[in-house]
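The following paragraphs lead through one protein model, from a helix to the core and then to its aromatic pairs. Please keep the sequence and the structure in view while reading.

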Amino acid sequence: MSAPFEERSGVVPCGTPWGQWYQTLEEVFIEVQVPPGTRAQDIRCDLQSRHVALAVGGREILKGKLFDSTIADEGTWTLEDRKMVRIVLTKTKRDAANCWTSLLESEYAADPWVQDQMQRKLTLERFQKENPGFDFSGAEISGNYTKGGPDFSNLEK
């Protein structure tokens, strides 16, 4: 099980007019489609704890207050194959109960079905992290998985 959980089990993306975003327990990924041949110097990306701004060739693509806080110093962006910008933000609150329902406070919300799938995925990722000897990448979950699933931390081992 050397590959990260999301590589083994896939991601639950939320489509947007400019691309998509998705999340893991620890990070939020933003993938923005840009015109083929885009160069790094054409990109202006500002990453702050609660704000993100992206412009390509002087055209604003994405700007606003993030759904929740991130660690500003750990945010990165890359230009991939000169046609996609990938932004990776590290969540401040890294647990299954912190499932972002939208990328920005007022935009790019996941529909209810996608939100449900994201929450299921984060709960399974939490189980994987708590039980490293097991593989939850193909598991299905039902029942109490909202807010990260049941809390077993107070049970005696």
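The buried residues of helix H2 are Val 114, Met 118, Gln 119, Lys 121, Leu 122, Thr 123, Leu 124, Glu 125, Arg 126, Phe 127 and Gln 128; buried means under 20% relative accessible area, exposed over 50%, and partly exposed in between, with a 1.4 Å probe and protein chains only. The model is predicted: local features need pLDDT of at least 70, side-chain atom pairs count only at pLDDT 80 or more, and totals for chains, interfaces and linings use all residues. Residues are numbered from 1 along each chain as its sequence is written, and side-chain values use heavy atoms, with hydrogens and water left out.

Helices (H or I, at least four residues) and strands (E, at least two) are DSSP runs numbered from the N terminus. H2 comprises 19 residues and reaches 27 Å from its first C-alpha to its last, close to the 27 Å expected at 1.5 Å a residue; the expected span is 1.5 Å times one less than the number of residues. At the start of H2, the backbone nitrogen of Trp 113 has a side-chain oxygen of Asp 111 within 3.0 Å.

Of its 30 residues, Trp 21, Ile 30, Leu 54, Leu 62 and Leu 103 touch the most other members.

The whole structure holds 3 aromatic pairs. Rings of Phe, Tyr and Trp (its six-membered ring) pair if their centres lie within 6.5 Å; planes under 30 degrees apart count as stacked, over 60 as edge-to-face and the rest as tilted. The rings of Trp 18 and Tyr 108 have centres 5.1 Å apart and planes at 75°, so this pair is edge-to-face. Because Trp 18 lies in the loop between strand E1 (14-16) and strand E2 (19-23), and Tyr 108 in the loop between E8 and H2, the pair ties together parts 90 residues apart in sequence. Both Trp 18 and Tyr 108 are buried. Tyr 22 and Phe 29, with ring centres 4.9 Å apart and planes at 15°, are therefore stacked. Tyr 22 counts as buried at 9% relative accessibility, and Phe 29 at 10%.

Note on methods: A nonpolar core is a set of buried Ala, Val, Leu, Ile, Met, Phe, Trp, Tyr and Cys residues joined through side-chain atoms within 4.5 Å. A polar contact is a pair of N or O atoms within 3.5 Å; within protein, one must be able to donate a hydrogen and the other to accept it, and residues adjacent in sequence count only if both atoms are side-chain atoms.
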